[in-house]
Amino acid sequence: MSLAERADRLPTTPGVYLFKSARGSVLYVGKARDLRKRVGSYFSRRATDAKTHALVQAIARIDVTVTATEQDA
C-alpha cells in the first residue's frame, strides 16, 4: 500500500502524526484536527514547494496517535 493510500485510510479524528524514514528516524511531527485530511495534503499535487517535496520523498512510514480533541494533540 502506498503512503497516499495509507493516508486515505486514516481516521478523520484529531491526532498527532509522525513521518519516519526507512531507518525509523522521525522526520516530522505534526498535529491535526482531521488526520486523514492533513496527512493526505502532503501527498496531493498541490504540495509542490521544494521543502515539502523533499520531505515526502524521504517518508517511509506514517505513525499516528488519535486524540480526543485537537487541543490534546
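This report describes salt bridges, aromatic pairs and the surroundings of one threonine in a predicted model.

Local features are reported only at pLDDT of at least 70 and side-chain atom pairs only at pLDDT 80 or more, whereas totals for chains, interfaces and linings use all residues. Residues are numbered from 1 along each chain as its sequence is written, and side-chain values use heavy atoms, with hydrogens and water left out.

**Salt bridges**

A salt bridge is a side-chain nitrogen of Lys or Arg within 4 Å of a carboxyl oxygen of Asp or Glu. The whole structure contains four of them, including those tabulated here.

| Pair | N to O distance |
|---|---|
| Lys-20 and Asp-63 | 2.9 Å |
| Arg-61 and Asp-63 | 2.6 Å |
| Glu-70 and Arg-33 | 3.2 Å |

Through shared partners, Lys-20, Arg-61 and Asp-63 belong to one network. Helices (H or I, at least four residues) and strands (E, at least two) are DSSP runs numbered from the N terminus. Lys-20 is buried at 14%, while Asp-63, at 21%, is partly exposed, as is Arg-61 at 42%.

Glu-70 is partly exposed at 29%, and Arg-33 is exposed at 60%.

**Aromatic pairs**

Rings of Phe, Tyr and Trp (its six-membered ring) pair if their centres lie within 6.5 Å; planes under 30 degrees apart count as stacked, over 60 as edge-to-face and the rest as tilted. The structure holds six such pairs. In one of them, the centres of Tyr-17 and Tyr-28 are 6.1 Å apart and the planes stand at 35 degrees, so the pair is tilted. Tyr-17 belongs to strand 1 (residues 15–20) and Tyr-28 to strand 2 (residues 26–32), so parts 11 residues apart in sequence are tied together. Tyr-17 is buried at 1%, whereas Tyr-28 is partly exposed at 34%. One aromatic cluster is formed by Tyr-17, Phe-19, Tyr-28 and Tyr-42.

**Thr-67**

Thr-67 is placed in the segment after strand 3 (61–66) and is buried at 16% relative accessibility. A polar atom of the Thr-67 side chain lies 2.9 Å from the backbone oxygen of Thr-69. Beyond its neighbours within four places in sequence, Thr-67 is in contact (heavy atoms within 4.5 Å) with Pro-14, Gly-15, Asp-72 and Ala-73.

Key
Buried < 20%, exposed > 50% of the residue type's maximum accessible area, 1.4 Å probe, protein only. Polar contact = N/O pair within 3.5 Å; in protein donor to acceptor, adjacent residues only side chain to side chain.
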